[in-house]
Amino acid sequence: MLVTKEVLHKGVEALQELNLDKIISIYSEDAVFEDIPANLLIDNKAELRLYFERLFKSPGATFSDFHILESDEFAIIEWVWAVQQAGLDQKNKVRGVSVIELKEGKISRERIYYNLR
């Protein structure tokens, strides 16, 4: 199995488990993370940890419907993030995609794109 595939599958598991330590462990120390729709750039693991912590603590948060395309140095992952809608029995779902660059078995850069509509 490619190192790329191992890292990506560990990331998918971390998202499904809402496991903060596991998700942070797959990023390099100098990783850059961009949430393009939110115009947010994160260039340190402490801020990245806070970003994922907020996502994971959202009421009823789940990640699902992953589709991964990978090579040795990059990957594209489609995903769905869902949270419980306040006062209702349904979840709001956000479909998105991550464009990932890999270096030395870690994520060195990730850009996420999604539409909240």
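Reader: Which residue forms a salt bridge with K22?
Author: K22 pairs with E13, and their closest N and O atoms are 3.2 Å apart. A salt bridge here is a side-chain nitrogen of Lys or Arg within 4 Å of a carboxyl oxygen of Asp or Glu. This is a predicted model, in which local features need pLDDT of at least 70, side-chain atom pairs count only at pLDDT 80 or more, and totals for chains, interfaces and linings use all residues. Residues are numbered from 1 along each chain as its sequence is written, and side-chain values use heavy atoms, without hydrogens and water.

Reader: How many salt bridges does the count come to?
Author: The count by this rule is 9 salt bridges.

Reader: What does R49 form a salt bridge with?
Author: R49 forms one with D21, the closest N and O atoms being 2.5 Å apart. R49 lies in helix α3 (residues 45-57) and D21 in helix α2 (residues 20-25), 28 residues apart. Helices (H or I, at least four residues) and strands (E, at least two) are DSSP runs, numbered from the N terminus.

Reader: Is D21 buried or exposed?
Author: D21 counts as exposed because its relative accessibility is 52%; exposed means over 50% relative accessible area, buried under 20%, and partly exposed in between (1.4 Å probe, protein chains only).

Reader: Turning to R109, which residue is its salt-bridge partner?
Author: The partner is E34, with the closest N and O atoms 2.7 Å apart. R109 is in strand β6 (residues 106-114) and E34 in strand β1 (residues 27-35), so the pair ties together parts 75 residues apart in sequence. Salt bridges with shared partners join E34, E101, R109 and R111 into one network.
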